[in-house]
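Q: Hi! I'm new to this one and would like a walk through it. Could you help me out?

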Amino acid sequence: MSEETTIIDAPREKLTKKAITADHPTWCPGCGDFAVLASYYKVLEKRQLDHEKIVTLAGIGCSSRFPYFVNGYGAHFIHGRAVPLASGISLARPDLHVFLFGGDGDGFSIGGNHLNHGARKNINLVYFIMDNFVYGLTKKQTSPTSPIGFKSKTDPTGAIDQPVNPMKQLICAGATFVARTHATQVNHMIQMIERAMDHQGFSVIECLSECVEFFPGAFDPANPRKGGAFELIDEKKWDNTSEDELRHDVTDELAAYKLAQLPFPGVFGVFYENDRPTKNALEKKWIDTTREKLGHPSDLALLQKTFDRMK
Amino acid sequence: MKDTTTTPETDAPNSAEDPTAPRGSLTATAPSATAASQSDRADLRPESINDAVIRLAGDSQDGIQSAGAFLARLAGRSDHDVMTYMTIPATISGGPSIFQVRMGTGEVLSAGDEADFLVAFYQHSYQDHISFLKDGGVLLYDSDNVQPDLDDKRFVYVGVPITGLTIEALGGTAKDKGKNIFILGLISKIFHLDVEKLTTLIKEKFAGKNASIANTAIMAFTAGYAYPVGNVLTKQYKFETVVPKEGDRAQITMDGNQALAYGLIAAGVRYGAGYPITPWSSVMEILRSELPKYGGIFVQAEDELGAVSLALGFSFSGYLAVTGSAGPGISLKTEAIGWASMSEMPLIIINVQRGGPSTGLPTNVEQSDLFQAIFGGHGDSPRVVLAASTVEDCFYIAIEAARIARKYSTPVFILSDTSLATRIEAFDEPELKDLMIDPKPDLTPRAAGFKPYAVDQITQHVPPGTRMLDGKYPLVSGLEHDEMGHPTGSPKLHMAMTAKRRNKLRQLAEEIPMPEIYGDQEGNVLLVGWGSTYGPIHDAVKLAREHGEKAGALHLRHLHPLPNGLEKIFARFKRIVVVEMNDQGIYGFGQLATILRARFCEPKIESATKTDGLTFRVKEILERVFEGRSFAARKIPREGLPIVHADPSSENVKSLKEVVPQGVG
Ligand SMILES: Cc1ncc(C[n+]2csc(CCOP(=O)(O)OP(=O)(O)O)c2C)c(N)n1
Ligand code: SF4
Ligand SMILES: [Mg+2]
């Protein structure tokens with residue numbers, strides 16, 4: 001069809017912020033999530049990915065409205081289950097860039113089991129968790145990251161359950177890229193997203209993103225403009241200097257775990273990175289060796305042979 | 001067609017042949033007092049038969065399933081129709097277990113109510129199953145373990161020291177492992193089975209394993225075959241040979257779960273995810289090892305929601321995917337299935353049903369998840385529900401499910417059950433080259449104006465990676481949405497989109513072919529069924545018609561939506577009885593009966609249900625449907641013997657012990 005050829009030949013325009021912007025975000029004014037969206041646009045623009053290969057996914061929550069604000073393929077899934085959804089897309093379509101956004105409740109509570117297993121299986125994708133220490137969309141219930149003493153509608157006298165430590169949990173679960181950032185630190189956030197993209201494997205970023213409505217000021221202790229300290233992880237440069245010995249080796253799991261132990265607000269940057277093979281690569285290897293052994297038969301020949309054995 | 005071929009050794013006149021024995025049934029004279037003194041009678045001319053039910057009863061670790069499977073495969077290779085039935089114990093390892101093979105040269109629909117031939121490994125096997133042996137039937141028992149009541153003159157007793165002879169034949173460390181193959185040898189002798197084909201099957205089965213395993217198996221087989229069984233059994237049988245007609249397709253032999261898995265592969269399904277649960281697991285096990293050969297992936301997920309979500313991810317990425325489970329797992333997947341309905345994502349969901357609710361009867365059969373399949377979940381969430389009726393149909397229903405899922409961009413349930421999952425049937429080899437589908441997603445760029453959720457069209461998603469030339473990319477959403485997938489709270493849009501999702505199923509209903517009626521096209525009773533009850537229902541109708549009843553059977557594969565026009569069929573019968581394996585509920589009707597009554601407002605629809613966890617026996621159906629008619633009640637109950645589950649309504653159960661399956665089929 002001649003029409004089709006012209007379609008395929010259509011020239012590709014530069015990917016601009018305008019091209020990837022969709023609905024106006026419905027977040028409360030001042031919500032930390034705006035900055036995350038802005039950083040995402042910036043990275044996509046900077047990296048000039050093919051527009052049609054960007055896939056933006058999310059579960060349910062304020063933060064999870066994310067895909068609606070991006071013009072690109074995307075899906076708004078159910079609460080807590082976006083990790084396996086994203087895993088399916090990543091495994092079947094290595095040509096796509098799979099980005100997943102969600103909240104602390106979505107990721108660490110209802111979706112906690114999926115997070116652990118996505119990490120263990122080391123599925124190739126970028127998972128950005130907008131952690132506001134509260135349930136935003138459902139209007140201020142205790143979240144799995146709410147600090148002890150936080151007064152919510154479900155803990156009117158203050159939260160009593162030990163909160164999840166996202167960094168520890170992710171390192172333990174086997175995530176191969178684990179980083180932490182802050183929504184007021186846009187440049188740092190962009191750096192972290194880019195490094196997560198460049199990492200092959202299950203790359204998770206926890207971003208402290210303030211819910212101005214239900215937990216205002218939660219992250220001021222890490223915001224220099226509010227009198228806090230945004231302390232960065234000093235990563236090893238491998239320059240054989242004596243200072244370097246004191247720096248953090250991102251491949252050192254125990255060292256990463258120690259950094260994760262630091263009291264709130266802790267430190268920011270890449271805690272852990274490791275190049276364990278992805279499930280994507282391992283499945284592909286299995287497929288390739290199997291098909292090689294079989295001599296790359298057609299689907300029909302394969303199934304016919306199976307049936308011949310059942311006669 | 002009676003087989004009169006004689007081999008050189010069988011020229012002697014057949015003194016044992018009983019001319020009064022009814023054709024097609026298996027009978028033998030009771031061993032006379034002189035039987036033991038007679039020489040090996042294996043050289044006698046065998047009696048020709050065309051249908052036999054052989055029940056192997058032992059413990060699961062005895063390998064009776066594999067012995068039964070060899071028989072089934074052999075029957076398939078010899079162009080016989082074959083149907084098997086097995087029970088699996090709920091215990092982790094061991095426990096009573098049976099495998100029943102029915103072989104015939106006609107159309108074999110059900111596994112058989114009664115056995116012609118019972119092989120008992122243990123005393124409990126004998127005690128639990130002797131009531132399934134028909135009068136005049138043969139009890140072949142391991143005389144090392146079983147002491148039958150020889151005074152009961154209804155049966156022919158053939159005691160063989162199976163355990164001892166197997167140990168003797170194999171010696172050493174094998175102990176009595178191999179009894180199953182020894183018995184296979186014995187049966188081959190008695191039934192004049194094709195030894196060459198059988199040994200080939202055995203060798204094929206163990207090909208690639210340690211050569212000594214295959215040798216041991218052959219040794220056990222040879223020992224069983226060489227046993228002078230003719231000393232005690234004065235009769236032998238030979239199946240009428242089936243001469244394949246020209247154009248006849250080869251027979252393939254497999255179980256229902258295999259048929260589902262290979263049907264999916266033929267249908268171009270290359271991705272899926274699941275979580276293990278009986279009786280679904282083998283579907284995922286097959287797909288896990290088969291799909292990589294086709295370039296695909298099956299993921300063992302962390303849980304049921306993970307599995308359905310992965311499958312939805314595969315479908316979203318452009319490859320129609322499958323997930324599956326049994327009832328408990330489907331319950332967990334429900335929220336995501338609702339999303340599939342709302343986002344109109346194609347997906348195949350297999351439910352290999354077992355007894356419920358909760359963990360229920362994990363290894364027994366039940367058809368009690370029909371409501372769950374049709375209605376499970378919140379909101380108005382249309383989906384398609386299909387049910388496979390036979391093992392062969394498992395293959396074709398998978399293809400139908402994939403076709404519907406793609407065309408209507410919808411989740412499609414396939415209902416199977418324990419009985420289909422575990423039984424082996426032989427069926428005509430499918431014409432693969434006409435059926436195979438190339439599953440590649442279409443990534444050609446789309447012209448301006450594409451809307452996934454156009455109100456006046458059936459949704460067709462575009463896989464990511466496809467350029468949209470107007471630069472506008474669609475979203476897929478579980479929130480109510482507009483035509484581009486963006487959220488909306490508009491009542492008008494919710495009404496329009498709800499109608500859109502429902503109307504595509506009405507459109508599907510229009511294209512579903514009207515199912516054929518088996519038997520009388522009009523008359524007194526129409527038996528309506530769905531799923532694995534196909535065989536016994538059809539056998540029941542056959543029998544009833546032989547006794548002068550005007551009866552027909554209607555079997556539904558498309559359960560939601562139902563095909564249009566069933567009311568025209570219903571109008572032609574005085575009674576409509578829906579036969580299904582679930583509870584009659586508080587209003588007295590089974591699940592399909594309830595739906596048919598709601599759909600057609602037809603008060604003459606009756607319900608025949610049961611919940612004993614076992615497949616319907618033909619006479620159970622006859623008793624229920626033709627109550628009081630002499631042919632229905634004939635020979636049952638058999639005097640002096642406990643009838644298990646003769647009365648399906650638990651209210652009439654005299655003692656609870658009576659209904660406990662105790663590994664009984
Ligand atoms: C199965 C299910 N349970 C509960 C909800 C209600 N719900 C929606 S979002 C949410 C919590 C959101 O918290 P979080 O993930 O931290 O996201 P945030 O809104 O804070 O960004 C809950 C409980 C739901 N949509 N689905
Ligand atoms: S409720 Fe909180 S998290 Fe949600 S949009 Fe408003 S500020 Fe952001
Ligand atoms: Mg939150």
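Q: Let's start with one residue: is B:Gln367 buried or exposed?
A: B:Gln367 counts as buried, at 1% relative accessibility. One thing to keep in mind throughout is that this is a predicted model.

Q: Where is B:Gln367 found in chain B?
A: You'll find B:Gln367 in the loop between E13 and helix H11 (370-375) of chain B.

Q: And what does the side chain of B:Gln367 reach?
A: The side chain of B:Gln367 reaches the backbone oxygen of B:Trp530, at 2.6 Å. Leaving aside neighbours within four places in sequence, B:Gln367 is in contact with several residues, including B:Gln353, B:Asp417, B:Trp530, B:Glu580 and B:Gln591.

Q: Okay, new topic. How many residues does the largest nonpolar core have?
A: That core has 96 residues. Those with the most contacts inside it are A:Leu57, A:Phe202, B:Leu312, B:Val528, B:Phe570 and B:Leu596. Helix H9 (residues 304-316) of chain B gives the most to this core, with 8 residues.

Q: What does A:Phe202 touch?
A: Not counting residues up to four places away in sequence, A:Phe202 touches a list of residues, among them A:Val83, A:Leu115, A:Ile123, A:Tyr127 and A:Phe177.

Q: A:Val83 belongs to H4(A), I see. How many residues of H4(A) are buried?
A: 11 of the 11 residues are buried, so H4(A) is largely enclosed by the rest of the structure. Besides A:Val83, the buried residues include A:Pro84, A:Leu85, A:Ile89 and A:Leu91.

Q: Now the two chains together. How many residues of chain A are in contact with chain B?
A: 56 residues of chain A are in contact with 70 residues of chain B. The area buried between the two chains is about 5400 Å², and carbon and sulfur atoms give 65% of that. On the chain A side, A:Tyr73, A:Met310 and A:Lys311 lose the most area to chain B, together 14% of what that side buries.

Q: How many polar contacts and salt bridges are there between chain A and chain B?
A: There are 25 residue pairs in polar contact, counting pairs with both residues at pLDDT 80 or more, and 3 salt bridges.

Q: Which element gives the most to the side of chain A that touches chain B?
A: That's H12(A), with 9 residues. By class, the side of chain A that touches chain B has 27 nonpolar, 14 polar and 15 charged residues.

Q: Are B:Asp539 and B:Arg102 buried or exposed?
A: Both B:Asp539 and B:Arg102 are buried. In another salt bridge, A:Arg93 pairs with A:Asp95, with their closest N and O atoms 2.9 Å apart. There, A:Arg93 is buried at 4% relative accessible area, while A:Asp95 counts as partly exposed at 30%.

Q: Last one: what is B:Asp303 in contact with?
A: Leaving aside neighbours within four places in sequence, B:Asp303 is in contact with A:Asn113, A:His114 and B:Tyr275. The C-alpha atoms of B:Asp303 and B:Tyr275 are separated by 5.8 Å, although the two residues are 28 residues apart along the chain.

Q: Where is B:Asp303, and what does its side chain reach?
A: B:Asp303 sits in the loop between strand E11 (297-300) and H9 of chain B. Its side chain reaches the backbone nitrogen of B:Gly306 at 2.6 Å. B:Asp303 is buried too, with a relative accessible area of 18%, which is under the 20% cut-off.

Conventions
Residues numbered from 1 in each chain as written. Chains lettered and ligands numbered in written order. Heavy atoms only, no water. Core = buried A, V, L, I, M, F, W, Y, C linked by side-chain atoms within 4.5 Å. Buried < 20%, exposed > 50% of the residue type's maximum accessible area, 1.4 Å probe, protein only. Helix = DSSP H or I, 4+ residues; strand = E, 2+ residues; numbered from the N terminus. Contact = heavy atoms within 4.5 Å. Buried area = accessible area lost by both parts, 1.4 Å probe. Salt bridge = Lys/Arg side-chain N within 4 Å of Asp/Glu carboxyl O. Polar contact = N/O pair within 3.5 Å; in protein donor to acceptor, adjacent residues only side chain to side chain. Nonpolar A, V, L, I, M, F, W, Y, C, P; charged D, E, K, R; others polar.
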